[in-house]
Amino acid sequence: MFSSFDKLKMQDVLPNYGIGLRIEFKHNANMRIDYGFGKGQAGIVCQFAEAF
């Protein structure tokens, strides 16, 4: 977080990327699997719930 856009520096930005899969088993019963990675780290998240 930055108090103003003037203090935002590109060398402080840490980009990350990811991909996800959503499967609806029945109405309002979803499974989601996400894989994300960034600078020096990665992770997988699996959740059984409604996303919204």
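A salt bridge is defined here as a side-chain nitrogen of Lys or Arg within 4 Å of a carboxyl oxygen of Asp or Glu.

The structure on the screen is a predicted model, in which local features need pLDDT of at least 70 and side-chain atom pairs count only at pLDDT 80 or more, while totals for chains, interfaces and linings use all residues. Residues are numbered from 1 along each chain as its sequence is written, and side-chain values use heavy atoms, with hydrogens and water left out.

**Stop 1: colour by confidence**

Colour the model by pLDDT, the predictor's confidence in each residue on a scale from 0 to 100. The mean for the protein is 86, and 90% of the residues reach 70 or more. Where pLDDT is low, the predicted coordinates should not be read in detail.

**Stop 2: the whole sheet**

Switch to a cartoon view. Three strands form an open sheet in the order E1-E2-E3, and their pairing is antiparallel. Strands (E, at least two residues), like helices (H or I, at least four), are DSSP runs numbered from the N terminus, and two strands pair if DSSP finds at least two bridges between them. Strand E1 (16-26) and strand E3 (41-48) are the edges; each has a single partner strand, so one side of each lacks a neighbour in the sheet. From one strand to the next the twist averages 10°, an angle between axes fitted as lines to C-alpha atoms (for helices, over the stretch in contact) and taken between N-to-C directions on a range from 0 to 180 degrees. As a general point, strands of a sheet pair through backbone hydrogen bonds, either parallel or antiparallel.

**Stop 3: E1 and E2**

Select residues 29-38, which make up strand E2; E1 and E2 pair in the antiparallel sense over ten bridges. Next, move to the hairpin of E1 and E2, where two residues lie between the strands and Asn-28 takes a positive phi near 60°.

How many of the eleven residues of E1 are buried? The number is zero, so E1 lies largely in the open. Buried means under 20% relative accessible area, exposed means over 50%, and partly exposed lies in between (1.4 Å probe, protein chains only).

**Stop 4: E2 and E3**

E2 and E3 form a hairpin with two residues between them, and Gly-40 in its turn has a positive phi of about 75°. Of the eight residues of E3, zero are buried, so this strand also lies largely in the open.

**Stop 5: the charged group**

Return to Asp-34 and display its side chain. Asp-34 forms a salt bridge with Arg-22 as well, the closest N and O atoms being 2.8 Å apart. Asp-34 belongs to strand E2 and Arg-22 to strand E1, so this pair ties together parts that are twelve residues apart in sequence. The structure holds two salt bridges, and they link Arg-22, Arg-32 and Asp-34 in a network.

Is Asp-34 buried or exposed? Asp-34 counts as buried, at 16% relative accessibility. Arg-22 is partly exposed at 45%, and Arg-32 is partly exposed at 26%.

Then select the surroundings of Asp-34. With neighbours within four places in sequence left aside, Asp-34 is in contact (heavy atoms within 4.5 Å) with Ile-19, Gly-20, Leu-21, Arg-22, Gly-43, Ile-44 and Val-45.

**Stop 6: Phe-37**

Finally, select Phe-37, which is also found in strand E2. Phe-37 is partly exposed, with a relative accessible area of 36%. Which residues touch Phe-37, when neighbours within four places in sequence are left aside? They are Asn-16, Tyr-17 and Ala-42. Phe-37 and Asn-16 are 21 residues apart in sequence, yet their C-alpha atoms are 5.7 Å apart in space.
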